[in-house]
Structures are given as structure tokens and as C-alpha cells.
Amino acid sequence: MISPPDTVDSRYLAAFLRSPEAREWLDTHSTGSLALRTISLGVLGALPVALPDLDTQRSIGEAMASFDAHERRLLDQLATTRDIRSRALNSFLVR
């Protein structure tokens, strides 16, 4: 498990690591096959991380956490809608 120092907000860091730039950098510096990519702690420690002040990190981290929660709710709603549609279609075809 990796824990950021007290000067880094963990939710901000998680959001940063999901950014296209970070993912591209990590992909470029990872090793292994396409099926199983690995990255060493040393290489991970060399990842250039944009670090605004801690209050800004917290604000960004909170916003990204809110977006993540909203996305999860939307995905749950989509799964429910697809299930309802499938059941409705099945009930129409069984007649």
C-alpha cells in the first residue's frame, strides 16, 4: 500500500493518477506484457505530479470524488434501465 505524505491530499492524488497524462506516463514507463503491465515503486516515485497548494488539492479531490459518486449513480441507473428494458422485452415476446 502506498500512502502519500501529509502535504498531498489522497483524493487529489487518486484523481491525478487517473488523468490521461499520468496514465500515459505510467503506461510508457511500465514493463511487462499487454496482458499484465507492472511498474516499480522507484519508477512510480519518479512520476511528475502537479501539486498545487493543499487547499486547492482538497478542493479538487472533493470535486472529483463528487463526480465519481455521480458517475456511479448514473451507471447504476443505466444498469437498472437496461434490466427493466430486457425484462419488458422478454415479457412482450413470451405472450
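Which elements are included in what covers the buried residues of helix 1? Helix 2 (20–29) and helix 4 are among them. The model is predicted, and the mean pLDDT of its protein chain is 92.

**Confidence**
- In the protein chain, 99% of the residues reach a pLDDT of 70 or more.
- Confidence is highest in helix 4 (residues 54–94), with a mean of 95.
- The lowest confidence falls in strand 1 (residues 31–32), where the mean is 86.
- Where pLDDT is low, the predicted coordinates should not be read in detail.

**Helix 1 and its buried face**
- The buried residues in helix 1 are Tyr12, Leu13, Ala15 and Phe16.
- Viewed down the helix axis, these residues fall within an arc of 160 degrees, so they line one face of helix 1.
- At the N-terminal end, helix 1 is capped by Asp9, which has a side-chain oxygen 3.2 Å from the backbone nitrogen of Arg11.

**The aromatic pair**
- One aromatic pair is found in a search of the whole structure.
- This pair consists of Tyr12 and Phe16, whose ring centres lie 6.4 Å apart.
- The angle between the two planes is 25 degrees, and the pair is stacked; planes under 30 degrees apart count as such.
- Tyr12 and Phe16 are separated by about one helical turn, because they stand four residues apart in helix 1 (residues 10–17).
- Both Tyr12 and Phe16 are buried.

Terms used: Residues are numbered from 1 along each chain as its sequence is written. This is a predicted model: local features need pLDDT of at least 70, side-chain atom pairs count only at pLDDT 80 or more; totals for chains, interfaces and linings use all residues. Side-chain values use heavy atoms; hydrogens and water are left out. Rings of Phe, Tyr and Trp (its six-membered ring) pair if their centres lie within 6.5 Å; planes under 30 degrees apart count as stacked, over 60 as edge-to-face and the rest as tilted. Helices (H or I, at least four residues) and strands (E, at least two) are DSSP runs, numbered from the N terminus. Buried means under 20% relative accessible area, exposed over 50%, partly exposed in between (1.4 Å probe, protein chains only). pLDDT is the predictor's confidence in each residue, from 0 to 100. The arc is that of the directions from the helix axis to the C-beta atoms. Contact means heavy atoms within 4.5 Å. A polar contact is a pair of N or O atoms within 3.5 Å; within protein, one must be able to donate a hydrogen and the other to accept it, and residues adjacent in sequence count only if both atoms are side-chain atoms.
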